[in-house]
Amino acid sequence: MKPHLLLAALVPSALALAACSGSPDRYTVPDTAVAGPRLPVAWRSVAIREVSLPTYAASEEIYSRSASGALTSSSDVLWADDPTRAITQDLARLLTQMTGAQVAAEPWPFFDRAQATLEIRVADMLAEPDGTFRLTGQFFVAPDAGGRNRSAPFAIAVPIAAPAGPAQIAAARGAALRELATQIARTGLR
């Protein structure tokens, strides 16, 4: 059997197996390592607005797309944290580590205003039947005191490790967010 077809069969099966337990299983996204030199950015401080997610991705349930195209999930396999909050916080942490800038989610916690505001609108965020975790959308950067507004679409696909269960999907989500943070730092914050 081809790997992507095997994954399409395994992901719903893994979610269904977890559904047999009494209480829901909750999965965290493991911290992803940031390696390499710091990426230079144009601002010392950046505020991130709450990330906008599609309805299915904002729910606690971990979604995957079946081979037929239907989105599937189980109420017994959940994210450990609210996805909107977790993704916003993860991006703030990753951008801080990558750039050395002061990056925080709104409401801005510091006395001085942020020099720029980052907004991220996610269009799609789920495990695909081809064995990848897909994250697509667009980001926007607005400087506080003049300067050039910036925006760019993103389309990220990272492989999901076997056996493609919820823990592997969570790890792939973390890798996709690291890739998104890198793209934002290199193209949006310079």
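1. Which side chain does a polar contact of 2.6 Å join to that of Thr132? The partner is Asp130; a polar contact is a pair of N or O atoms within 3.5 Å, where within protein one must be able to donate a hydrogen and the other to accept it, and residues adjacent in sequence count only if both atoms are side-chain atoms. Thr132 lies in strand β8 (residues 132–143), strands being DSSP runs of E of at least two residues and helices runs of H or I of at least four, numbered from the N terminus. Thr132 counts as buried because its relative accessibility is 18% (buried is under 20% relative accessible area, exposed over 50%, partly exposed in between, with a 1.4 Å probe and protein chains only).

2. The model is predicted: local features need pLDDT of at least 70 and side-chain atom pairs count only at pLDDT 80 or more, whereas totals for chains, interfaces and linings use all residues. Residues are numbered from 1 along each chain as its sequence is written, and side-chain values use heavy atoms, with hydrogens and water left out.

3. A search of the whole structure finds 12 salt bridges, each a side-chain nitrogen of Lys or Arg within 4 Å of a carboxyl oxygen of Asp or Glu. Arg93 and Asp31 form one of 3.6 Å, N to O. This pair links distant parts of the chain, 62 residues apart: Arg93 is in helix α3, and Asp31 is in the loop between β1 (25–27) and β2 (45–48). Arg93 is partly exposed at 25%, whereas Asp31 is exposed at 63%.

4. Arg113 and Asp144 also form a salt bridge, with their closest N and O atoms 2.6 Å apart. Arg113 is exposed, at 63%, and Asp144 is partly exposed, at 40%.

5. Glu119 and Arg121 meet in a salt bridge of 2.9 Å, N to O. Glu119 is buried, at 18%, while Arg121 is partly exposed, at 43%.
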